[in-house]
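Please keep the sequence and the structure in view while reading.

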Amino acid sequence: MAFPDRIERVVEIASAPPTVWAALTTAEGLGGWFGDRATIDLRPGGSAQVTWDDGPTADLRVERVEEPTVFGFTWHIYGLPEGDTRRTYVEFTLEPLDAGTRLHVVESGFAQLSDDDHLKAFDGNNRGWDSELGDLVAYLGAA
């Protein structure tokens with residue numbers, strides 16, 4: 001049985017693209033919605049880290065920076081052992097709208113997993129993006 005390789009979300013945000021870009025690509029922004037603290041070296045090959053006070057720390061590798069429209073990173077696949085080197089790729093694409101920004105998020109790379117690993121990683125991240133993007137909208141609404 002073939003499983004989906006990618007998670008996709010589209011959300012319209014009532015903030016201008018530069019504001020959304022800063023929320024995605026700065027330590028202050030990432031720490032405001034995607035975790036509790038963050039660091040980022042915003043260049044292809046740069047590293048980033050997002051830490052949740054009540055949970056894990058995610059190590060990210062910046063893969064794509066095309067300011068102000070595309071930001072991409074890879075990260076460890078949820079549910080795999082710590083030493084496993086497989087990663088998924090997350091890409092944010094920003095499109096200006098009259099009333100703000102349309103944000104398209106795609107996470108891909110789940111097809112490389114076994115059935116059991118796929119179920120855990122895909123389901124966890126699928127639910128996770130719903131929650132995190134809700135946090136992004138709330139963060140930007142309060143900014």
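A residue is called buried when its relative accessible area is under 20%, exposed when that area is over 50%, and partly exposed in between, with a 1.4 Å probe and the protein chains only. At 18% relative accessibility, Trp-52 therefore counts as buried. The model is predicted, and for this reason local features need a pLDDT of at least 70 and side-chain atom pairs count only at pLDDT 80 or more, while totals for chains, interfaces and linings use all residues. Residues are numbered from 1 along each chain as its sequence is written, and side-chain values use heavy atoms, with hydrogens and water left out.

**Aromatic pairs**

Rings of Phe, Tyr and Trp (for Trp, the six-membered ring) form a pair if their centres lie within 6.5 Å; planes under 30 degrees apart are stacked, those over 60 are edge-to-face, and the rest are tilted. Across the whole structure, twelve aromatic pairs are found. Two of them are set out below.

| Pair | Distance between centres | Angle between planes | Class |
|---|---|---|---|
| Phe-34 and Trp-52 | 5.6 Å | 70° | edge-to-face |
| Trp-75 and Trp-129 | 6.1 Å | 40° | tilted |

The elements named here, helices (H or I, at least four residues) and strands (E, at least two), are DSSP runs numbered from the N terminus. Phe-34 lies in the loop between H2 and strand S2 (37-40), and Trp-52 in the loop between strand S3 (47-51) and S4, so their pair ties together parts that are 18 residues apart in sequence. Phe-34 is buried, with a relative accessible area of 3%. The pair of Trp-75, in strand S5, and Trp-129, in helix H3, links distant parts of the chain, 54 residues apart. Both Trp-75 and Trp-129 are buried. Ring pairs join Trp-21, Trp-33, Phe-34, Trp-52, Phe-71, Phe-73, Trp-75, Phe-92 and Trp-129 into a cluster.

Leu-30 belongs to helix H2 and is buried, at 4% relative accessibility. Apart from residues up to four places away in sequence, Leu-30 touches Ala-23, Leu-24, Gly-35, Ala-38 and Ile-40; contact means heavy atoms within 4.5 Å. Ser-108, in strand S7 (residues 100-108), is also buried, at 18%. Leaving aside neighbours within four places in sequence, Ser-108 is in contact with Asp-5, Arg-6, Thr-88 and Tyr-89.

Most peptide bonds are trans. The bond from Glu-67 to Pro-68, however, is cis, with omega near 10°. Pro-68 is placed in the loop between S4 and S5.

**The largest pocket**

On a 1 Å grid over the protein atoms alone, a pocket is an open set of points with protein on both sides within 12 Å along at least five of seven lines, and lining residues have an atom within 4 Å of a point. Grid points are joined across faces, edges and corners, and a volume is the space filled by probe spheres set on the points. The largest pocket has a volume of about 650 Å³. Its lining has 27 residues, and Trp-52, Pro-56, Ala-58, Trp-75 and Tyr-78 lie nearest its centre. Helix H2 (27-33), strand S4 (57-66), strand S5 (70-76) and helix H3 (115-142) each supply at least two lining residues. The largest share, seven residues, comes from H3.

Definitions and conventions: On a 1 Å grid over the protein atoms alone, a cavity is a set of points where a 1.4 Å probe fits but cannot get out, and a pocket is an open set with protein on both sides within 12 Å along at least five of seven lines; lining residues have an atom within 4 Å of a point.
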